[in-house]
Amino acid sequence: MKQERLNGLRASKPFHINDLILYLAVFITVVVLFCAFVIFPNKKENDGFSVFCGDEIVCVLEFDSPTPTVSDGWLDKVQFDGTHNTIKIFFDDAKTDYNLISFDPAKRSVRITESTCSLSKDCVYTPAITGSDGMIFCAPHNLRITPLSGGGAIPPIVG
Amino acid sequence: MTGLLSAVALIAFMLESLFPPLVIPGARMGISNVFILLAGVLLGVPSSFCVLTVKVVLGSLFSGNLSSIMYSLPAGALSLGVELLLLYLAKNVSIIAISVVGSILNVTVQNAVFCLVTETAAYLVYLPYLALVGVLAGLIVGFAVWLCVKKLPASLFVENDGQKN
C-alpha cells in the first residue's frame, strides 16, 4: 500500500461523508430482500415434509397421517417414534451417525434436534420449518428437509 | 507476518465455531475477518488472500465440516476482492463502510452458492436476516480493523514493492 494512502488510513476518522453512499446501497439491499422474501410472499400452511439424502427420497410425512412413508432402501435406516414424534435417520451400519428429526403435527412444524454431523451442527440451529417455505440442510450428511407445498400439492412418490 | 495473521484468523474461526450461530446457521460475527482485512491493509493483496485460504481450508478441516469450503471460499474471495478494490481505489471512504459492504457480499454469495449446491432456492428465505447480521458483523469487524490500523506501529506496514516503511 502506498505511503500516502497508508497515512490517510491511519489519520482517518471512522466515518466519512462518502460512506453514506455505501450505507444507502446496503440499506436498499436489505429492504429489497425483506420485501422479496419476508413481507410480500404468500405463506401457506405446511402439510408435511419430505426428507432427502442427496437426490434420493428417504421418507415423506404428512401431518394428517400417523406414520411416515419410507423408501425401500431406507427401511432399516429410519426409526420412527410416534409417541415423541421423532424420526431418526442413520447413515452407518453401526447406527452411531444420525440425524434426529422432531415434528409437531399440532403446530405443523419440523426441525432437526440432534445430529452427529460436525462441531458446528448448523442443521440443529436452523429454525423449524412452519410454513410452505424454508429448508433444513445438513451438509455433512447431505440431508435435506423440505416442506410439502400447501393447497393440495402432490407429495413426491416414495418407495 | 502472513503466517501470524493466518494462525490468529484460524484460532478466531475455531473459537467462533464452538459457539452456536446467531439466529440462523451461517450467521456469525466473523471475527476472523478482522485479520484477513488487516492483512490486506498491512501486507497487501497476495497475503490477504493467503490468510483467507488458510483460514477457510484449515478451519473447515479442523471443525469437521469440509463442505463449508464450497461456500466460504468463493464468498470470502469475492468479498475480499471488492473490499481491497474499494480500499485501494476509493478515496475518502472509511474502512468500516468497506467492511460492511464486504460482509453483505459475503453472506449473499454464501447463500447463493448454498442454493446452487442444494439445487433449491428455499434457503433464500433466510437471506434478509443474514444480511442484517452481516451489517452488524461488518460494523464490528470494520471498527476493529480501523482501530488496529490506527494503533499498530508504522514499522509493521509494508509497501507494495515489499519494502518496509
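Predicted model: local features only at pLDDT ≥ 70, side-chain atom pairs only at ≥ 80, totals over all residues.
In chain A, strand 6 spans residues 98-104, and six of its seven residues are buried, which leaves the strand mostly covered. Strand 6 of chain A has a partner in strand 5 of chain A, made up of residues 86-90, and the two pair in the antiparallel sense through five bridges. Within this region, Leu100(A) of strand 6 of chain A is the residue that stands opposite Lys88(A).

Strand 6 of chain A is also joined to strand 7 of chain A, residues 109-115; these two strands run antiparallel and are linked by six bridges. Asp104(A) has Ser109(A), a residue of strand 7 of chain A, as its bridge partner. Strand 6 and strand 7 of chain A form a hairpin with four residues between the strands. In this hairpin, Arg108(A) adopts a positive phi near 55°.

A further residue of chain A, Thr146(A), is located in strand 9, which covers residues 143-147. The relative accessible area of Thr146(A) is 15%; this value is under 20%, so Thr146(A) counts as buried. Leaving aside residues up to four places away in sequence, Thr146(A) touches Gly48(A), Phe49(A), Ser50(A) and Phe52(A), as well as Ile129(A) and Met135(A).

Chain B contains six helices and zero strands. Read from the N terminus, the order of its elements is therefore α-α-α-α-α-α. The radius of gyration of chain B is 15 Å, and the globule rule gives 15 Å for 165 residues. Because the two values are close, chain B is as compact as a globular protein of that length. Along the principal axes, the C-alpha atoms of chain B fill a box of roughly 50 × 35 × 25 Å.

Of the 165 residues in chain B, 55% count as buried. When contacts in chain B are limited to residues at least 6 apart in sequence, 65% of them join residues at least 24 apart.

Two of the helices of chain B were examined as a pair. The packing of two helices is described by the angle between their axes and the distance between the axes. Helix 5 of chain B, residues 95-118, packs against helix 6 of chain B, residues 127-151, at an angle of about 145°, and their axes are 7 Å apart. The crossing of helix 5 and helix 6 of chain B is right-handed. The contact between helix 5 and helix 6 of chain B involves 16 nonpolar and seven polar residues, with no charged residues.

Conventions:
Residues numbered from 1 in each chain as written. Chains lettered and ligands numbered in written order. Heavy atoms only, no water. Buried < 20%, exposed > 50% of the residue type's maximum accessible area, 1.4 Å probe, protein only. Pairing = 2+ DSSP bridges. Axes fitted to C-alpha atoms, helices over the stretch in contact; angles between N-to-C directions. Left-handed = near helix turned anticlockwise from the far one by under 90°. Nonpolar A, V, L, I, M, F, W, Y, C, P; charged D, E, K, R; others polar. Contact = heavy atoms within 4.5 Å. Rg over C-alpha atoms; globule rule 2.2 N^0.38 Å.
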